Amino acid sequence: ENHISQLNLKSSHIKYANLDFNATDLNLSSISDSIYFSLSNNYFGFNSNELENLKINGNLISGNSDVKIRWSGSNEKLDSGNINLKGKFHELDKIDVDFIESYFVVNDSIWQFKEPSRIKIDTSSIFIPHFQLSNTNQVLKIQGGVSDSEKDTLRIDLTKIDLAYVT
């Protein structure tokens, strides 16, 4: 086993500004050109939202990253989620992120990310070739980019979006 480093942190309670964590475990390890991480906690509170059993697991291997985010909710606003991200680092400051078979549940409604939903990020811009999130007949589509250039446009299309989800 070629462990270069390993870090394990545990805390019964962390509070910072409006963030509140209970029973948190953080594990990081690296082997050769790979980094593995996991974060889990029993409770995560932010603003008026609460998540239970939050788990984030991921790895970075030769410039490719896989991240899985799971949670269940303790109130009706954020019931549960299953977000799967695949990242491709082209350089340290340039990454493409794809949402793969991802969804979350809000107010008993399932919101799904349509594939390929992709975001491209670098130090000076964010480009979204295609991003779509939908719940039955409600759809959010985003396409375009933002940077320092005045020529950039970001198009956001909302179809039958219930504004109760936004507030």
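Ser-62 sits in the loop between strand E4 (49–61) and E5, where strands (E, at least two residues) and helices (H or I, at least four residues) are DSSP runs numbered from the N terminus. The phi angle of Ser-62 is near 50 degrees, a positive value in a residue other than glycine, and Ser-62 counts as partly exposed because its relative accessible area is 49%; buried means under 20% relative accessible area, exposed means over 50%, and partly exposed is what lies in between, with a 1.4 Å probe and protein chains only. The model is a predicted one, in which local features need pLDDT of at least 70 and side-chain atom pairs count only at pLDDT 80 or more, while totals for chains, interfaces and linings use all residues. Residues are numbered from 1 along each chain as its sequence is written, and side-chain values use heavy atoms, with hydrogens and water left out.

A positive phi is also found at Glu-101, about 40 degrees although the residue is not a glycine. Glu-101 belongs to the loop between E7 and strand E8 (103–106), and with 61% relative accessibility Glu-101 counts as exposed. Another backbone feature is the peptide bond from Glu-115 to Pro-116, which is cis, with omega near 0 degrees; Pro-116 is found in the loop between strand E9 (109–113) and E10.

Is the loop residue Asp-79 buried or exposed? Asp-79 is found between strand E5 (64–73) and strand E6 (80–91), and Asp-79 counts as buried because its relative accessibility is 18%. Leaving aside neighbours within four places in sequence, Asp-79 is in contact with Trp-71, Ser-72 and Gly-73, and also with Val-105, Val-106, Asn-107 and Asp-108, a contact being heavy atoms within 4.5 Å.

The structure holds 5 salt bridges, each defined as a side-chain nitrogen of Lys or Arg within 4 Å of a carboxyl oxygen of Asp or Glu. One of them joins Lys-86 to Asp-66, with the closest N and O atoms 2.6 Å apart. Since Lys-86 lies in strand E6 and Asp-66 in strand E5, this pair ties together parts that are 20 residues apart in sequence. Lys-86 counts as partly exposed at 43% relative accessibility, and Asp-66 counts as partly exposed at 28%.

A further salt bridge is formed by the side chains of Asp-98 and Arg-118, at 2.5 Å from N to O. Asp-98 is in strand E7 (residues 94–99) and Arg-118 in strand E10 (residues 117–122), so this pair also ties together parts that are 20 residues apart in sequence. Asp-98 is buried, with a relative accessible area of 16%, whereas Arg-118 is partly exposed, with 30%. The side chains of Arg-155 and Asp-157 meet as well, at 2.9 Å from N to O; here Arg-155 counts as exposed at 53% relative accessibility and Asp-157 as partly exposed at 28%.

Which residues make up the nonpolar surface patch of about 490 Å²? The patch is made by Ile-121, Ile-126, Val-146, Leu-154, Ile-156 and Leu-158, where patches consist of residues with over 30% relative accessible area and no salt bridge, like charges being joined within 9 Å and nonpolar side chains (Val, Leu, Ile, Met, Phe, Trp, Tyr) within 5 Å. Strand E13 (residues 154–159) gives the largest share of this patch, 3 residues. Leu-158 has its place in strand E13 and is exposed, with a relative accessible area of 54%.

In strand E1 (residues 3–16) lies Ser-12, which is exposed, with a relative accessible area of 64%. Not counting residues up to four places away in sequence, Ser-12 touches Phe-21, Asn-22 and Ala-23, and the C-alpha atoms of Ser-12 and Ser-40, 28 residues apart along the chain, are separated by 12 Å.

The chain as a whole has 0 helices and 13 strands, and its C-alpha atoms fill a box of roughly 50 × 40 × 30 Å along the principal axes. Buried residues make up 32% of its 167 residues, and among contacts between residues at least 6 apart in sequence, 25% join residues at least 24 apart.

Definitions and conventions. Accessible areas come from the Shrake-Rupley method with a 1.4 Å probe; for residues, only the protein chains shown count as cover.
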